[in-house]
Every structure is written in C-alpha cells, then in structure tokens.
Amino acid sequence: MSIARNLRVNGARLWQSLMAMAEIGATDKGGNCRLALTDLDREARDLFVDWAGVAECSVTIDAMGNIFARRAGRDETLAPVVMGSHLDTQPTGGRFDGVLGVLSGLEVIRTLNDLDYQTERPLEVVVWTNEEGSRFAPAMVSSGVFAGVFGLDYGHARADRDGHTMGEELARIGYLGDEPVGGRDIHAYFEVHIEQGPILEAEGKEIGIVTGAQGQRWYELTLEGVESHAGPTPMDRRRDALLGAARIVDLVNRIGLEHEPLACATVGMLEVHPNSRNVIPGRVFLSVDFRHPDNEVLTVMDRDLRTQAAEIAERIGLGLAVEEIFSYAPIAFDEHCVDAVRRAADDLGYETRDIVSGAGHDACYIAGVAPSAMIFTPCIDGISHNETEDIKPEWATAGCDVLLRAALDKSGA
Ligand SMILES: [Zn+2]
C-alpha cells in the first residue's frame with residue numbers, strides 16, 4: 001500500500017479529456033447537447049472507445065449498448081472493480097454531468113498505466129446508455145436493465161417522440177453489442193459525479209461522501225371543475241379547477257417544509273384548460289415530485305397529499321384524480337465502499353461532508369446488484385442540467401484522486 005499512498009492522477013490530462021469530449025455536441029452557450037443514441041452520442045462513444053484502446057483496455061459492449069473497458073488484473077478470475085457513469089446529456093446540458101465519472105475512471109487507468117502499476121483485480125470503466133432519459137424515458141434505463149429492474153425487451157422498446165426505439169437506434173449507430181446485459185460479477189462500483197446541488201461549494205468542501213440517494217415519488221393530479229364565463233358566474237357558484245390547483249401547490253410546499261431539511265416537494269408542471277383569460281378553468285393537470293431519504297417519511301407525505309388534496313377539491317366541488325406514476329425507494333450505498341471513499345478523501349487531506357444524492361444516478365440501480373458508492377464533487381452555484389454548468393479543474397482532480405485511491409483499496413493494490 002505504500003506506493004499506492006503516493007499515487008496521484010494527472011489532473012491536466014483529465015481536464016483536457018473533459019474539454020475534448022465537450023467539443024462533441026457543443027452548444028453556443030458553452031454546454032452540450034448529446035442526446036442518447038444520436039450521431040453525436042456515437043461520436044462520443046467512439047472517442048471513448050478510441051481512448052480505451054490507446055490505454056490498452058479490452059472493450060466489450062452489451063445488448064443495451066453499455067460499454068465496458070477493462071484493464072487486466074493480476075488475477076483475471078477475480079471480479080473487477082468498476083468505475084463509470086454516462087456520456088449522454090440533456091438537450092441543454094452541461095459538460096460534466098456523467099462525463100466526469102466516465103473520464104475519471106479512464107484517468108485512473110491511464111495513471112496506473114503510466115506507472116506500470118498492476119492491481120490484483122481487473123479494473124473496468126463503464127459507460128451506461130441513456131442515463132438522462134431525455135430522448136428515451138425513463139432515465140437510467142440501461143443500468144436498470146443491467147440490474148434487472150427492467151427487462152431487455154422493455155429497454156429496446158423505449159421510443160423517442162418520433163417513434164424510433166432504443167433497439168433500432170443502438171443498431172443504427174453500431175452499439176447494439178452481443179454481450180448479455182447484467183449477470184457480470186462486480187466486486188465494487190464507484191461513480192464520480194458532480195453534486196448538481198449547492199451544498200459542497202457553499203460549505204467549502206471538495207468531496208461529498210455519498211451515503212445514499214433520496215427516494216422519489218412522482219404523481220400526476222387532475223382536477224375537474226366547470227368551465228364558465230368569468231363575468232356572469234358569481235364567486236359562490238364557481239367550481240374553479242385552478243383555484244384548487246393553487247391550493248394544492250401551496251399544500252405540496254407545506255408538506256415539504258414539514259419535513260425539512262431532507263424533504264423536497266415540488267409542483268413543476270401545470271396545465272390549465274382552456275387557458276383563456278375570461279373562462280373559469282374547468283380542468284387543471286399538475287405534477288408533484290416528492291423526495292426524501294426515508295421511505296417512512298415519504299409514506300407520510302403521500303398520505304398527507306392524498307387526504308388534504310381531497311379536502312381541498314371537495315371544498316370547491318372539484319373532481320380529483322391522484323395517480324402515482326413513478327416511485328423509487330431510497331438507497332443506502334454499501335458501507336464498505338462508502339468507507340473506502342471516506343478513507344481515500346481523508347488520506348488525501350480533502351475537506352469532506354456526508355451527503356445524500358437528491359438525483360437518481362446509475363449507481364442507484366447498480367447498488368442493487370453490487371457493492372456501490374458515489375463520490376460527489378462541487379459544481380458552481382449548484383447549477384446542472386444547464387448549459388452553464390461548470391466546475392473547477394481542481395475539483396475534478398480531487399474527485400478523480402479519491403476514485404483512484406478507493407479503487408486501489410478495493411482492487412487489492
Ligand atoms: Zn448524470
């Protein structure tokens with residue numbers, strides 16, 4: 001372990017690679033648009049596969065287009081330590097979301113190559129297909145298939161708005177691999193990712209030790225009232241669906257506040273019918289997004305939403321339909337992997353704090369089939385899923401150095 005303790009990645013090379021990848025699908029405002037399985041995604045994949053080849057990795061691709069670049073270990077019968085994330089972006093995405101995790105893994109391998117450093121276990125870098133879920137819903141579908149959350153047919157059948165399926169598009173861009181999806185033994189999985197929130201930067205911490213991920217429950221609500229003329233309809237005879245929606249927006253906010261600081265409660269979408277200035281709205285559709293790391297709290301939030309929204313609707317004489325369209329249980333990452341990250345960051349002298357991921361990540365699904373952990377790095381003003389998403393080069397280096405050390409810890413350096 002004495003050599004390993006002095007190992008550092010090449011931060012300049014990592015940054016150059018990030019910037020080179022960001023040229024593919026670069027947008028005018030300095031971000032990236034590299035939607036899953038487009039020609040630009042193919043270019044990004046090709047560049048990664050090229051780099052992996054130069055780093056003397058063997059590359060395999062599975063039937064969801066997940067790419068595995070493998071550096072042999074001393075004992076090839078042992079399960080690998082796997083590092084990675086995704087290369088696809090939102091339509092107005094940033095340069096670091098996902099890419100940092102993939103290229104940090106590659107930089108770990110390049111660093112070990114520079115030093116001719118042999119690990120006991122093999123190391124692999126993985127690129128998960130369509131993490132963002134922007135072109136093809138849902139998000140994280142390919143790590144989900146890998147983890148057995150979804151079937152392969154389901155994954156291949158995901159279609160974009162033009163009706164192109166993931167299966168067709170994987171074949172079209174040459175990434176429909178023949179390896180089966182899942183069933184690979186993984187000794188440990190580490191994912192470096194930007195925080196996508198403001199906490200680390202605000203507290204001056206360089207590394208977030210991610211202990212788990214929030215659970216999520218998503219709902220769609222429809223309120224049915226009666227459309228009528230804004231002039232002749234007296235106030236006491238109105239069944240105004242938008243008034244009900246407004247009270248529910250406030251209710252959702254109150255439910256979030258009741259479970260501070262860990263709860264998040266958001267109405268992000270509102271559709272008003274007929275949306276005309278002199279018609280009392282007859283129907284309103286709205287979305288609700290609840291997040292919390294404790295499933296029991298989510299159950300309380302669910303109950304309060306259903307009972308209190310029903311009371312609001314009844315008072316105004318509205319019909320109400322509440323449908324839970326998605327739920328995702330909270331995740332606790334593997335304590336040994338989390339400890340490896342903590343030790344690595346402490347040994348390197350970085351300022352750290354424990355943190356729970358507010359967003360979903362591929363690691364959340366992989367945690368179901370392999371010991372997993374995540375390493376968060378700060379991002380400027382907490383901004384992500386935005387072309388202005390930005391980080392400092394030294395934050396990328398810090399995250400990658402922690403990844404190197406945690407991976408060595410787990411790979412039997
Ligand atoms: Zn991401």
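## The zinc site

In this predicted model, the zinc ion is coordinated by His 86 (NE2), Asp 97 (OD) and His 193 (NE2), at 2.0 to 2.2 Å. Donors are N, O and S atoms within 2.8 Å of the metal (3.2 Å for Na, K and Ca); water is not among the atoms, so sites may look incomplete. Along the chain, the donors of the zinc ion have the spacing H-x10-D-x95-H. Because His 86 belongs to strand β3 (residues 81-86) and His 193 to strand β5 (residues 188-194), the pair ties together parts that are 107 residues apart in sequence. Helices (H or I, at least four residues) and strands (E, at least two) are DSSP runs, numbered from the N terminus.

His 86 is buried, at 0% relative accessibility, and His 193 is buried with a relative accessible area of 1%. Buried means under 20% relative accessible area, exposed over 50%, and partly exposed in between (1.4 Å probe, protein chains only).

## The two sides of helix α3

The buried residues of α3 are Asp 41, Ala 44, Arg 45, Phe 48, Trp 51 and Ala 52. They cover an arc of only 125° around the axis, which puts them on the same side of α3; the arc is that of the directions from the helix axis to the C-beta atoms. On the other side of α3, Asp 50 and Val 54 are exposed.

## Basis of the values

Residues are numbered from 1 along each chain as its sequence is written, and side-chain values use heavy atoms, leaving out hydrogens and water. Local features need pLDDT of at least 70, side-chain atom pairs count only at pLDDT 80 or more, and totals for chains, interfaces and linings use all residues.
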